[in-house]
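Below is a short briefing on one protein model.

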Amino acid sequence: MTRLTARALVAVVFWPSLFFFWFLGPFVLFLLSTTSSEVCPRLETRAEFLAAANGTLPMLIMQTLIYAVPVVCLVLWNRLSPEPAQARHIAICIKLFAVAAVIGAVWDYGSSLICDGYGQAFFSTAWRMTSYLPIFSLLVNIPLYVLVFSLGRAYSTRDDVTEDGVIHPSRDNS
């Protein structure tokens, strides 16, 4: 019964964090992490642009740590009831998450450097190319979201309930 309780507690953390952090959070944190358009016209030197972009780094680190909560929940679920097939999927989730975090950080940092298009040509065109990173981010995040959601659903479903809804108390949940 202890494992069932622990799995339920992980589910209580997993589902709200998945919804609020992964589905709603990107909009809020992106707005907070980039240099606002009111500040952009006041930035005149390369050092000011760099200082504004570097000011976003703590927000990017916090954002990545917050986004890691659902993946950490999957790892905890796997520790509570290890299954080799799901462990491989969790490893894929961790790799996709790492790629998505790097792409997201470069995108947020790069958009701060170019100041949402209002900036001057202080930095190389490579930073302007970061405006294309959301396309790559979608290509990584869509399979990540689907995989994390399906793993979360599999882990948060009780083992002692069959597909027809019948509860089998003889299965060991401890």
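This is a predicted model: local features need pLDDT of at least 70, side-chain atom pairs count only at pLDDT 80 or more; totals for chains, interfaces and linings use all residues.

**Overall make-up**
- The protein has 7 helices and 0 strands, where helices (H or I, at least four residues) and strands (E, at least two) are DSSP runs numbered from the N terminus.
- Along the sequence the pattern is α-α-α-α-α-α-α.
- Of the 174 residues, 34% are buried (buried means under 20% relative accessible area, exposed over 50%, partly exposed in between, with a 1.4 Å probe and protein chains only).
- Taking contacts between residues at least 6 apart in sequence, 79% join residues at least 24 apart; a contact means heavy atoms within 4.5 Å.

**Helix faces**
- The buried residues of α4 are Pro70, Val71, Cys73, Leu74, Trp77 and Asn78.
- They cover an arc of only 155 degrees around the axis, which puts them on the same side of α4; the arc is that of the directions from the helix axis to the C-beta atoms.
- In helix α3 (residues 57-67), the buried residues are Met59, Leu60, Gln63 and Tyr67.
- Those buried residues fall within an arc of 100 degrees seen down the axis of α3, so they line one face of the helix.
- Pro58, Ile61 and Leu65 are exposed on the other side of α3.
- An α-helix has 3.6 residues a turn, so residues three or four places apart point the same way.

**Alanine 52**
- Alanine 52 lies in helix α2 (residues 46-54) and is buried, with a relative accessible area of 19%.
- Between alanine 52 and serine 112 there are 7.0 Å in space, C-alpha to C-alpha, and 60 residues in sequence.

**Surface**
- The accessible surface is about 10400 Å², and 71% of it belongs to carbon and sulfur atoms; areas come from the Shrake-Rupley method with a 1.4 Å probe, and for residues only the protein chains shown count as cover.
- Phenylalanine 136, in helix α7 (residues 133-156), counts as partly exposed at 47% relative accessibility.

Terms used: Residues are numbered from 1 along each chain as its sequence is written. Side-chain values use heavy atoms; hydrogens and water are left out.
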